[in-house]
Amino acid sequence: MAAPKKPQAVVIHSFKWKGFNRKGGKVSGEIQSASLVEAKAELRQQGVNVTRITKKPKDLFSFGNKISPMDIAIVSRQIATMLGAGVPLVQSLQLIAKSNEKASLRELMTSIATEVATGTPLSKTLRTHPKYFDDLYCDLVDAGEESGALEAIYDRIATYKEKSEALKSKIKKAMFYPAAVLAVAGVVTMLLLLFVIPQFQDIFTGFGADPAFTLFVLGISDLVQSYWYIIAAAVIAAIFIFKRAHAASQNVRDNTDKFVLKIPVISTILDKAAVARFARTLSTTFSAGIPLVDALISAAGASGNYVYRSAITNIRTEVMAGMQMNVAMKTTTVFPDMVAQMVMIGEESGDLDGMLSKVADIYEQQVDDAVDALTSLLEPMIMVVLGVVVGGLIVAMYLPIFQLGSVIG
């Protein structure tokens, strides 16, 4: 028996048009539709006598037109709000499509609205756009459609996406500062070694006696001047090879995940973030009516780290064998005791999703506090690092002058 074909997404295009309205006035605008014929038909229904209509070319240089995860979070909240206000699903999708300023998002939402208007379930339509709606998102919508509680489910989806994107933003902020310090220090050092120190080298030629530290810095400067292109090529090649290997090899990704959890300070933030993602995802999926065993699959994928993903997979295996989840969590030695204790309370009280939501709130707040603390710590550290690098090079250059002054004196 042949495997069922995957649903195909409806491709929506943007068209620019000019024409006359019912009163004979000149009008123009832009419309999204699957074809030129459908666009003309829709305009005629609006009372527009079209004189010219052309397909709008895609702007290859419009970098701000890309649909981001935060855009999906905002759309999810808009859908939840409109459904809560009693607006029908198709009309909600159409209103969102028309009111959005981003062309690519307008086309996406118009495509989804067109498909749903023909009777296709929303979850099935969303699965044709896996780039923007992952399996977890679609499974939650599917659960909402089957239970008849799409409004409540979409409110949970919107909250989940908002919390997830906020957490990602905090993690990126935490990772950016150390990288920025290293990058700035590296660029400043290279500029000094390539352009500033060689000027001093000519001055020191007739001195005859240079301190060891000065000779060391001059030697590094000569090395960088002679082989800077090799050094630059090596750095670029290393970054390129790592990115390719990281994308192609699961083993490289797993080892990278293990390594980042050993970096001082950063590891604490990543640990707390993984626990927060696990708790938030499991709370959302379990409260939506998805069985715990299936919800753990989604939670494992959302944890964002191999160490936690493996631990959650082991927890799922133990739960399938009949073990309570809080006991299985303790056997992994990955999750803090407080998390296991709160899960135990949730299991005993029958409010596991509510307790997991509280765990997520606690750890998201801890991540926020840790990122703020790291930011406060790194601001003076940036000054110290740059001061040591730049100051060290300057001292190395002035040591011969000081030595010459003492000899003359």
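This is a predicted model: local features need pLDDT of at least 70, side-chain atom pairs count only at pLDDT 80 or more; totals for chains, interfaces and linings use all residues.
Colleague: How are two packed helices described in general?
Modeller: They are described by the angle between their axes and by the distance between those axes.

Colleague: What are the angle and the axis distance for H9 and H12?
Modeller: Helix H9, residues 250–260, packs against helix H12, residues 306–320, at an angle of about 100°. Their axes are 7 Å apart. Angles of 65 to 115 degrees count as roughly perpendicular, so H9 is roughly perpendicular to H12.

Colleague: Which residues make the contact?
Modeller: On the H9 side they are Gln 250, Asp 254, Asp 257 and Lys 258. H12 contributes Tyr 306, Val 307 and Arg 309.

Colleague: How many of the residues in the contact of H9 with H12 are nonpolar, polar and charged?
Modeller: Two are nonpolar, one is polar and four are charged.

Colleague: Let us turn to salt bridges. How many does the count come to?
Modeller: The count comes to eight salt bridges.

Colleague: What is the partner of Arg 77 in a salt bridge with its closest N and O atoms 2.9 Å apart?
Modeller: The partner is Asp 155. This pair links distant parts of the chain, with Arg 77 in helix H2 (residues 69–84) and Asp 155 in helix H7 (residues 150–204). The two residues are 78 residues apart.

Colleague: Which residues are linked with Arg 77 in a network of salt bridges?
Modeller: Arg 77 is linked with Asp 155 and Glu 162 in that network.

Colleague: Why does Arg 77 count as partly exposed?
Modeller: Its relative accessibility is 23%, and partly exposed residues lie between the buried limit of under 20% and the exposed limit of over 50%. Asp 155, at 38%, also counts as partly exposed.

Colleague: Where does Asp 361 sit, and where is Arg 280?
Modeller: Asp 361 is in helix H15 (residues 352–408), while Arg 280 is in helix H10 (residues 266–287). They form a salt bridge whose closest N and O atoms are 2.6 Å apart. The pair links distant parts of the chain, 81 residues apart.

Colleague: Is Arg 280 buried or exposed?
Modeller: Arg 280 is buried, because its relative accessible area is 7%. Asp 361, by contrast, is partly exposed at 35%.

Colleague: What about Arg 127: which residue does it form a salt bridge with?
Modeller: Arg 127 forms a salt bridge with Asp 139, and their closest N and O atoms are 2.9 Å apart. Arg 127 lies in the loop between helix H5 (122–126) and helix H6 (135–147), and Asp 139 lies in helix H6, 12 residues apart. Arg 127 is partly exposed at 33% relative accessibility, and Asp 139 is partly exposed with a relative accessible area of 31%.

Note on methods: Residues are numbered from 1 along each chain as its sequence is written. Side-chain values use heavy atoms; hydrogens and water are left out. Axes are lines fitted to C-alpha atoms, for helices over the stretch in contact, and angles run from 0 to 180 degrees between N-to-C directions. Helices (H or I, at least four residues) and strands (E, at least two) are DSSP runs, numbered from the N terminus. Angles under 35 degrees count as roughly parallel, over 145 as roughly antiparallel, 65 to 115 as roughly perpendicular and the rest as oblique. Contact means heavy atoms within 4.5 Å. Ala, Val, Leu, Ile, Met, Phe, Trp, Tyr, Cys and Pro count as nonpolar, Asp, Glu, Lys and Arg as charged, and the others, Gly among them, as polar. A salt bridge is a side-chain nitrogen of Lys or Arg within 4 Å of a carboxyl oxygen of Asp or Glu. Buried means under 20% relative accessible area, exposed over 50%, partly exposed in between (1.4 Å probe, protein chains only).
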